Amino acid sequence: MKLIKHITLLLIILSTSVLTAQVKFEAKVSKQTLGVNERLRIDFEMNQDGDNFNPPDFSNFTVVGGPNQSVSNSWINGVRTYKKTYSYFLAPKKRGTFTINQASITIDDEVYKTVPIKVEVTAAVDIPKDPNNPDYIASESVHLVAEISKENPYLNEAITVVYKLYVSPTVSVDNWNEIDTPRFNDFWSQNIDTQGQKVQNGTYKGENYRFLVLRKTVLYPQKTGELTIEPLTLDIALRVPTNRRDIFGGMLMTRTNRTVSAGNRTINVKALPEAGKPSDFTGAVGDFSFDVTASKKELSASESLQLKVAVRGSGNLKLFKLPKVSLPSSLEVYEPEYNEDVRTNLSGMQGSISDSYTVVPQYKGKYPIPSISFSYFDLKTKSYKRLSSEEIVIDVLEGPTNNASANTEGPASTVKQAVTLNNDQFAFIKTDTTFESMKRTQFFKTNLFWSLLLLPFLAIPIAIVIRKQKAVRDADVYGNKIRKADKLARKYLSHAKKSLGKKEEFYIALEKALHNYLKAKLHIETSELSKENITELLTEKQVEQDVVKDFNSILESCELARYTPIDIVTMQEDYDKAAKTISLIDKQAR
């Protein structure tokens with residue numbers, strides 16, 4: 001009977017140890033049902049460290065935060081408890097019932113997957129007006145405003161839309177993403193560069209705020225009547241104050257996300273007046289000057305000149321057509337070359353546009369180019385104006401005589417004259433010629449031929465040496481493991497450098513790089529990465545105490561950075577310190 005009891009007790013102990021050692025990898029969500037205006041937190045938890053974590057695609061959600069990584073390692077009554085968590089914050093894209101697919105991770109060379117989770121997204125819910133609720137504080141402290149320069153412009157009159165983000169001094173913004181960008185239908189639009197903008201102090205509804213100009217856009221309405229300017233929508237990661245304080249009396253902050261929108265704006269576009277509208281009006285609106293110039297007024301037949309029609313000033317320069325020239329039939333005219341030198345700022349387009357015609361006279365004589373007119377709507381006087389060029393006379397000094405025309409100095413003929421061809425018709429066009437040698441060279445016996453012939457024989461000994469080195473390297477199982485860890489450390493350190501400016505991502509990558517470096521250098525596992533153990537092992541390797549202290553301080557910085565505001569200068573200093581410390585450990589370790 002005692003033997004049976006002992007066997008039963010032994011089986012219970014063995015089954016308990018097996019259950020304790022069982023790998024767990026599961027997904028947990030903060031709620032199964034949420035409103036379309038709420039956020040969902042999902043945690044992927046494991047009780048053993050692993051590699052190659054692959055999250056699901058979150059196709060029906062927008063990732064507004066994460067991945068955030070946390071690790072806990074504790075000993076209670078001689079029993080070790082380990083937990084590692086990857087956390088994401090998700091914003092639903094629409095209403096419905098959605099499935100969050102499986103995540104996977106590799107633990108002890110085996111792949112583990114989570115169970116898919118169904119989440120229901122309902123209509124928007126009311127956010128409680130609780131002064132201690134982070135969502136309510138965020139809704140009262142962050143505002144996105146669209147400022148429009150003019151709400152009742154004329155057709156093709158420039159207006160500007162400036163988007164400003166107002167933030168209360170009591171909260172901090174970590175990051176933001178555009179989740180809906182205005183398309184500006186029925187407008188010609190151009191964005192103005194806002195890089196380098198600095199945070200400014202201002203007021204919003206009579207209260208002191210900080211604000212940042214996010215976007216400036218110049219719009220030219222292309223339709224009359226009521227037009228809608230679509231909103232800009234942002235998802236913002238914030239840190240808001242709580243009613244708790246730290247041991248020094250400072251206010252503790254908590255993280256939350258807030259979706260803000262500038263809202264739809266409507267403007268009333270007025271049609272241009274019909275009274276006094278010129279018959280040749282092509283839609284020019286603004287303040288312009290107009291001129292027609294010829295590159296030369298005296299030349300010989302078959303030579304060419306450039307006739308330039310240009311409009312300069314401020315207005316919708318890219319949105320109307322230049323007037324066409326009318327020339328005598330004895331002047332051969334080619335299709336014009338269009339040029340524009342236009343700058344766009346908050347006041348609209350400024351600069352010039354032009355058509356450049358190439359003109360080739362065929363006969364001797366004088367040819368008048370009649371006056372050309374250009375009309376536009378002047379916004380200052382709210383009336384139409386007409387500008388006309390002066391008549392230009394082209395004097396062809398030498399060339400054949402056009403007997404078909406009795407008077408070459410009269411007005412331009414409406415009858416197309418026959419063009420007499422001569423050998424110098426295109427003398428003004430310069431041509432280039434390239435020559436090729438008529439002597440043929442044989443590929444046989446050339447240096448290239450012999451090089452290609454001997455190259456395979458030279459490559460054979462090189463291939464043999466490389467193969468032997470590869471065989472030796474493949475046989476070094478322990479060395480390959482160290483090299484793999486070193487490669488992983490360099491990978492994470494490189495990722496940390498690319499993530500400078502993104503606090504969470506940077507310090508996670510930096511911490512991973514340091515851990516993997518130690519695993520390769522000290523031949524230890526993740527569970528042994530405690531401060532005391534690291535100090536003891538590095539000291540045994542004869543690493544100086546100052547270097548060990550610097551290494552531990554970097555790890556502490558990675559932990560503290562998740563809870564304190566960090567600027568990019570501090571991140572760069574931590575990265576440089578980590579690279580220097582790893583280099584010193586490599587030199588000093590025995």
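Guide: One definition first: a nonpolar patch joins side chains of Val, Leu, Ile, Met, Phe, Trp or Tyr within 5 Å, from residues with over 30% relative accessible area and no salt bridge. Keep in mind that this is a predicted model.

Visitor: Which residues make a nonpolar surface patch here?

Guide: Trp450, Leu453, Leu454, Phe457, Leu458, Ile460 and Ile464 make one of about 730 Å².

Visitor: Where is Phe457, and is Phe457 buried or exposed?

Guide: Phe457 lies in helix H3, residues 447–475. Phe457 counts as exposed because its relative accessible area is 58%, and the cut-off for exposed is over 50%.

Visitor: Now the inside. How many residues are in the largest nonpolar core?

Guide: That core has 35 residues. Leu144, Tyr163, Leu165, Ile229, Ile267 and Leu272 have the most contacts inside it. Elements giving two or more residues to this core include helix H2 (134–141), strand S11 (142–148) and strand S12 (159–167).

Visitor: Which element gives the largest share?

Guide: S12, with 5 residues.

Visitor: What is Leu144 in contact with, leaving aside neighbours within four places in sequence?

Guide: Its contacts include Lys164, Leu165, Leu214, Leu232 and Val260.

Visitor: What about a second core?

Guide: A separate one has 33 residues, among them Phe288, Leu299, Met349 and Ile394.

Visitor: Back to H2. Which residues are buried there, and what covers them?

Guide: Ile137, Ala138, Ser139 and Ser141 are buried in H2. The cover over the buried residues of H2 includes S11, S12, S16, S18 and strand S19 (251–261).

Note on methods:
Residues numbered from 1 in each chain as written. Predicted model: local features only at pLDDT ≥ 70, side-chain atom pairs only at ≥ 80, totals over all residues. Heavy atoms only, no water. Patch = residues over 30% accessible without salt bridge, like charges linked within 9 Å, V, L, I, M, F, W, Y side chains within 5 Å. Areas by Shrake-Rupley, 256 points an atom, 1.4 Å probe, with all protein chains shown as cover. Salt bridge = Lys/Arg side-chain N within 4 Å of Asp/Glu carboxyl O. Helix = DSSP H or I, 4+ residues; strand = E, 2+ residues; numbered from the N terminus. Buried < 20%, exposed > 50% of the residue type's maximum accessible area, 1.4 Å probe, protein only. Core = buried A, V, L, I, M, F, W, Y, C linked by side-chain atoms within 4.5 Å. Contact = heavy atoms within 4.5 Å.
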